[in-house]
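Work through the exercises below with the structure in view, and try each task before reading its solution.

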Amino acid sequence: MSINLINTLAQPLRMSAKFVNQNEQASGLSTSRFVQDTASCFVPKAVFARSKADLSENALLEFSESFLVYYVPALLGEKFARKIFSKNLNKSEKNLVSKTAVELLKEGTSANKKVMPVKAAIALTATVIPLIEFALNYVKNIFTLKVFKKSNFNDIAALENNKEDKKQQEKVKNSAKKNILRAGTVFAGALALAGLIFKRGENSKSLQNISEAILAPGTKFFKNNVKKQNFFNKYFSLDFNSQNGKLVLSKGQLTSCVLVGGAGYFGASYDRGKQNFLETLSRFPLVGFYIITGSDLFEKGFKKLLHKSGKCKEMIDKNLNTPDFSKIETMAKDLAEKNKTTIETEYKKLVKQKVLISGVPYLFSIGFMGFFVAGMTNLFTKLRFNNDKKNVKKM
């Protein structure tokens with residue numbers, strides 16, 4: 001992006017342009033998703049916080065989760081696991097590790113027998129991320145119990161202010177410890193499998209099959225159905241994506257974090273009472289679906305609407321693809337020559353289109369998925385609680 005051209009834009013558009021460009025240059029989904037999910041999840045919860053305990057545990061959970069999901073996978077996969085498990089590969093084989101398993105299987109290279117087990121071992125190491133997210137929900141319960149001496153969600157959500165039940169506190173604490181240990185045990189098993197695949201995968205047909213199932217489940221189980229292949233490879237593969245030769249967060253890893261983390265959400269909320277569980281039940285499916293695929297569906301639908309109406313035609317092609325921000329300057333020069341206008345004029349027009357295409361999905365996530373869902377779930381929790389109280393009095 002040219003410094004001179006970006007500085008010709010008015011301040012609001014310039015800031016928006018820099019934000020969009022920075023997100024595109026970030027590693028994989030990490031930075032853009034971190035900002036989007038933090039804005040759409042924590043900020044609304046902070047605004048609608050019902051007590052200090054409610055605000056504190058939401059801050060702990062949301063920031064820890066976002067950091068875990070959007071930064072740790074790349075750090076763990078690229079900086080740690082890749083170096084350890086790739087040590088016995090030659091230079092060309094090490095380069096193949098950055099390719100997705102789906103690509104390697106399509107190419108059918110002779111090195112696959114060595115590279116696929118290495119990739120599977122790296123992917124299994126990264127299962128620590130969803131498992132920590134699972135455990136975080138129980139860490140949150142212990143945190144609130146230790147700091148605020150509260151285990152009853154009705155009190156935490158300021159629905160009532162009753163004296164804490166010691167038996168309930170013990171139940172919450174013991175359940176948390178048990179489930180944190182359970183997550184650790186599962187990860188120990190994943191590490192053991194990673195070690196086995198790394199050591200013997202090259203010469204074992206069974207371990208080769210397991211590696212393929214971990215990295216490309218669609219290709220492995222749906223050989224005659226392309227749609228199912230693509231779906232399962234996209235949403236259920238534990239393989240990393242690659243950007244500029246480096247391992248980064250994939251959609252499949254994001255899905256595993258949502259699903260495994262969701263199990264922790266429901267379990268930890270169940271421990272703290274009916275209203276906590278029902279609030280989680282009303283919020284999580286919608287937010288989880290949006291995080292996994294809803295944002296993509298909305299972005300695609302929005303681009304389709306713009307394309308149909310003839311808007312942003314320079315930035316959206318017939319396949320609904322948009323060029324990277326780094327290409328806008330070159331496009332502006334070509335359009336300026338074609339339309340007999342200035343580069344600055346065309347650059348400004350293209351940047352406006354790019355910001356619109358990228359910005360509306362962000363605003364939707366903050367407005368609807370953030371404030372509306374947070375406000376709605378809090379309101380419904382209060383209504384359910386009051387309704388239960390009325391029903392008890394009638395009995």
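Surface patches are made of residues with over 30% relative accessible area and no salt bridge, where like charges are joined within 9 Å and nonpolar side chains (Val, Leu, Ile, Met, Phe, Trp, Tyr) within 5 Å. A salt bridge is a side-chain nitrogen of Lys or Arg within 4 Å of a carboxyl oxygen of Asp or Glu. This is a predicted model, in which local features need pLDDT of at least 70 and side-chain atom pairs count only at pLDDT 80 or more, while totals for chains, interfaces and linings use all residues. Residues are numbered from 1 along each chain as its sequence is written, and side-chain values use heavy atoms, with hydrogens and water left out.

**Exercise 1.** Find which residues make the nonpolar surface patch of about 310 Å².

Solution. Phe371 itself is placed in helix α18, residues 343-394.

**Exercise 2.** Locate the patch of positive charge on the surface, and decide whether Lys166 is buried or exposed.

Solution. The patch gathers Lys146, Lys149, Lys163, Lys166 and Lys177. Of these, Lys166 belongs to helix α11, residues 166-200. Lys166 counts as exposed because its relative accessibility is 62%, the limits being under 20% for buried, over 50% for exposed and partly exposed in between (1.4 Å probe, protein chains only).

**Exercise 3.** Describe how the rings of Phe85 and Phe198 are arranged.

Solution. Rings of Phe, Tyr and Trp (its six-membered ring) pair if their centres lie within 6.5 Å, with planes under 30 degrees apart counted as stacked, over 60 as edge-to-face and the rest as tilted. The count by this rule is 18 aromatic pairs. Phe85 and Phe198 form an edge-to-face pair, 5.1 Å centre to centre with 65 degrees between the planes. This pair links distant parts of the chain, since Phe85 in helix α5 (residues 72-85) and Phe198 in helix α11 are 113 residues apart. Both Phe85 and Phe198 are buried.

Technical notes
Areas by Shrake-Rupley, 256 points an atom, 1.4 Å probe, with all protein chains shown as cover. Lys, Arg positive; Asp, Glu negative; His and termini not counted. Charge placed at Lys NZ, Arg CZ, Asp CG, Glu CD. Helix = DSSP H or I, 4+ residues; strand = E, 2+ residues; numbered from the N terminus.
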